[in-house]
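Colleague: I am new to this one and would like to go through it with you. Could you put it on the screen, please?

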Amino acid sequence: MPKASHPQERLNDFTIKFANVNGTGSASANALVMKAIFRMGVPVMGKNYFPSNIQGLPTWYEIRVSKDGHLARSGRVDLMLAINIETYAQDVKEVSPGGYVLYDSTWPRSAVLERQDITVLGVPFAKLCNENFDGVRNRILMKNICYVGALAALIDIDVEVIRTLVTEQYSKRPKLVDANMKAIDLGYQYAREHLPCPLPLRITRLDHNQGHVLIDGNTAAGLGCVYAGATVGAWYPITPSTSLMDAYRGFCERYRVDAETGDHNFIVLQAEDELAAIGMVVGASWNGARAFTPTSGPGISLMNEFVGLAYYAEVPAVIFDVQRVGPSTGMPTRTQQCDILLCAYASHGDTRHVLLFPANPDECFHLAVAAFDLAERLQTPVFVLSDLDIGMNDWMIRELEWDDSYRPDRGKVLSAEQVEKLTKFQRYADRDGDGIPYRTLPGVGPKGAYFTRGSGHNQYGLYTEDSAEYQQVVDRLKRKFATAAALVPRAVVEGPGTRPIGVVSVGSCDSPIREALGQLERCGVALDYLRVRAFPFGAEVEAFLASHSKLLVVEQNRDAQLRALLVLETAVEKAKITSILHYDGMPMTAGFVTDAVLAALGGSDRRAAAAG
Amino acid sequence: MSTPKPKVAHPSLPRNSLGLTRRDYEGGMSTLCAGCGHDSITAAIVEACWGLSLEPHRLVKLSGIGCSSKTTAYFVGEAHGFNGVHGRMASVATGANAANRELTYIGVSGDGDSLSIGLGQLAHAMRRNLNMLYLIENNGVYGLTKGQFSASADVGTKSKKGDANTQPPVDPALLALSLGAGFVARGFSGDKPQLVPLIRAGLSHPGFALIDVLSPCVTFNDHEGSTKSYAFTREHYHPAVEADFHSGAAADFIAPAESISVDYREGEEVVVPLHDGSHVHLKKLDPGFDTSDRAAAYAYIAAKLKEGQYVTGLLHADPAAGGDLHAANRTSATPLNRLPFERLSPGAAKLASLMARYR
């Protein structure tokens, strides 16, 4: 039996990576491991790196165990479950020095792939499962469950916790519980008898997860749409946003079906393409329903024309853009923040749109609700820019909570009684000086009727080709956007705010940045941190930019899109911004941020940061 | 411009069951060319809505882009209108109908808007059996961009510049029959007595109703060699074409023109002669034709098209065929946009218990 070259104990602080073949049931096995660790009270993060494929291609899953609650990738691999022979060579290379490889020893591994600084452990998973289970498909599925057992022995996961989870999962199919537990026991017993269990990488019970859940951003956003009272969802399937509509539909089937009649208090429209999906949202919102569409970058490209119409004709619309790697088809199963500019200025002509930037599933839930309020208050499209990392990975967050006193802000919609009292309804007049006009819903009454159009119209809603009348309307739209800046969620500021250097970032960069800020502080570099949560930028963003002599803008795209938006839309001095860009499609690590920040700071900056 | 028409109603004007006259169903002044077939269709819609005693504000008018799409501003001024983007009226109608199933939806589109850029949305609105009347004002030509062929132009028909079309047409009626539309009809803008009942029937059909209305373009498709033309007297018509086509100086000058009305009995073919000697053939259906037989209707129309004849009238109607969008989705009888928030948001207690699933 080989000995670990660096047997360094890492209690509740290590990373496991699973190298699998997609379509083999590995996702369930890996999720089971993650949830078991979570149930043992130890903070955990899981990220799925999967191909754009249904079956047979390499796929990886990464679990970071972090007693300190860090939710970003660690950048390490302490234990590699090298189950996929095709990628074995690459997987072995990736293991951090002192780490471990667990592989399927049914087949011998190549001697040329040996490394002296890691420990290789073998369990004949295929052989064990072939001897104990019938059927090709079943043996493949059970092989994955079998490694959960071996892993439990190696890193001290409580088998009873696993048993409880399996029992919950298959509560309606007890036979499957027995089969799964048998596979787990096979792996567990083999590892106990043949391997040095437990490894120095171990789980010990903690109590850090009280009040927390594991949930992905798309599920949380779909749930937010239900809680916001959205009744019309229109969409065209696209990775990585599909699970948002799946979640909405699932929750609606649970909460929105009339117990007596079976009637649905919602509708999900699967459109023929994204052009139709946004058209449906515009039609439904115009008619007074809360309506939304989830999509990703390519879908936003297709929606551009309608988004311009909704902006100009002032129709609410909520659009979720779960961003993925572009341009074009790009890498559909990899993450990026590459649609910031696309969404901010979507469509031809002078257009600017409200953007919301959730950083985690909790914000996906709450910003989904805020998006409907803002869209109806402002009568305009609102984009919620999540990304694949937030949307499709399970995140540990505080349990979602709801305030029953919440009532939706339906905005300036005139009731039938109000319409009756009018001498004449003027659709696009600025009665209140905030740039937001009053609207009516179809059917409200003869006096409330008007003609909605994307062609030139005056403040009364009538067609016009008159220059002054046209300009009056678009100038008011600009004032309305200024109003929006005061209504959108505030940016989050961390640190005293008085330090000379500030980090500015957005969305899913949050976890690696917060971990990096801790690392930097331990190296004597203290920085303030501003995370924008919305566009247009509020006064607090402008103040932060003005009060820091150097700004490090961290984002996940090649072209520094957040930086571009800040330069275009605030008074910030371009010269004081340095960009830190990460755009390889993988979620950022804290180490990347720390290194990039240190590289970006010169000697004088370092002294200033230390003093600050 | 949509200049409102002065509302002066003579006391002797007939009133419908709501006490409204036809004038109450009019809209703004048309800005289309004098003699445009579309204006006749607008008049037929006014007549049909008045005849059905529709509450004006309970009607929703939708359109895309193009000459035909402008016409929603010219009827029922007290209805809500939505003039969207080119070829995408159907999706707006789908969303609007999803939100409020109680209103009456009429979409007016053209052959460019529906059969080229909007073919996909039209097809899928039919597949969903969206409860609306979808009216195509079909003139075989793009008017606002000055005379390009549309997807309904027949093979061999000539553009105003003299080019012959070589691509086969998309026939909206055949398309609708093949996609399962429950109501398919064809009319002619010059035949109001036939068109008004078709529109009334289409508005009343409990699902997707398509009416293809042949509606000649007096400006860009009313010339020698066109197969979608009115017959005009040579003296009346020719100067406008000459001025427009050859000098270039008077490109916007359109001679006043009058549309031709044809009057014929069922089963009778009417030949509308064109000044170059070609003809448009219009034929009403046999009185014995079974409109419930989709396949028979398809075969009949296709055979007549081969002979150069457009079959008009009610081509297929099956009110019982399948449920509409809401039936298929089991949507609540109360329109979704009227459901109170309390019935939509599950509340804090349910969220707390839901969270157990994620622990």
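Colleague: Which residue in S4(A) is the bridge partner of A:Tyr49?

Modeller: The partner is A:Trp60. Please note that this is a predicted model, in which local features need pLDDT of at least 70, side-chain atom pairs count only at pLDDT 80 or more, and totals for chains, interfaces and linings use all residues. Residues are numbered from 1 along each chain as its sequence is written, with chains lettered from A and ligands numbered from 1 in the order in which they are written.

Colleague: In which sense do S3(A) and S4(A) pair?

Modeller: They pair in the antiparallel sense, over six bridges. Two strands count as paired if DSSP finds at least two bridges between them. Strands (E, at least two residues) and helices (H or I, at least four) are DSSP runs, numbered from the N terminus.

Colleague: What is the strand order of the sheet they belong to?

Modeller: The order in chain A is S3-S4-S2-S5-S6-S7, an open sheet of six strands with mixed pairing. At the edges are S3(A), residues 44-49, and S7(A), residues 119-123, each of which pairs on one side only. From one strand to the next the twist averages 15°.

Colleague: Let us turn to the two chains. How many residues of chain B are in contact with chain A?

Modeller: On the chain B side there are 49, and they meet 58 residues of chain A. Contact here means that the C-beta atoms of two residues, placed from the backbone, lie within 7 Å.

Colleague: Which elements of chain B give two or more residues to that side?

Modeller: They are strand S2 (80-83) and helices H3 (89-99), H5 (119-127) and H11 (348-354). H3(B) provides the largest share, eight residues. By class, this side of chain B has 23 nonpolar, 19 polar and seven charged residues. In that scheme Ala, Val, Leu, Ile, Met, Phe, Trp, Tyr, Cys and Pro are nonpolar, Asp, Glu, Lys and Arg are charged, and the others, Gly among them, are polar.

Colleague: And which strand of chain A is joined to S2(B)?

Modeller: That is S17(A), residues 451-453, which runs parallel to S2(B) and is joined to it by three bridges. One pair consists of A:Arg453 and B:Asn83.

Colleague: Back to H3(B). At what angle does its axis cross that of H5(B)?

Modeller: The axes cross at roughly 35° and come within 8 Å. Axes are lines fitted to C-alpha atoms, for helices over the stretch in contact, and angles run from 0 to 180 degrees between N-to-C directions. B:Ala90, B:Ser91, B:Ala93 and B:Thr94 of H3(B) meet B:Gln121, B:Leu122 and B:Ala125 of H5(B). That contact has four nonpolar residues, three polar and no charged.

Colleague: How much of chain B is buried?

Modeller: Buried residues make up 52% of its 359 residues. The secondary structure of chain B comes to 11 helices and nine strands.

Colleague: Finally, is H9(A) mostly covered or exposed?

Modeller: H9(A) is mostly covered, with 13 of its 13 residues buried. A:Gly288, which follows H9(A), has a positive phi near 95°.

Definitions and conventions:
Buried ≥ 20, exposed ≤ 12 C-beta atoms within 10 Å, placed from the backbone.
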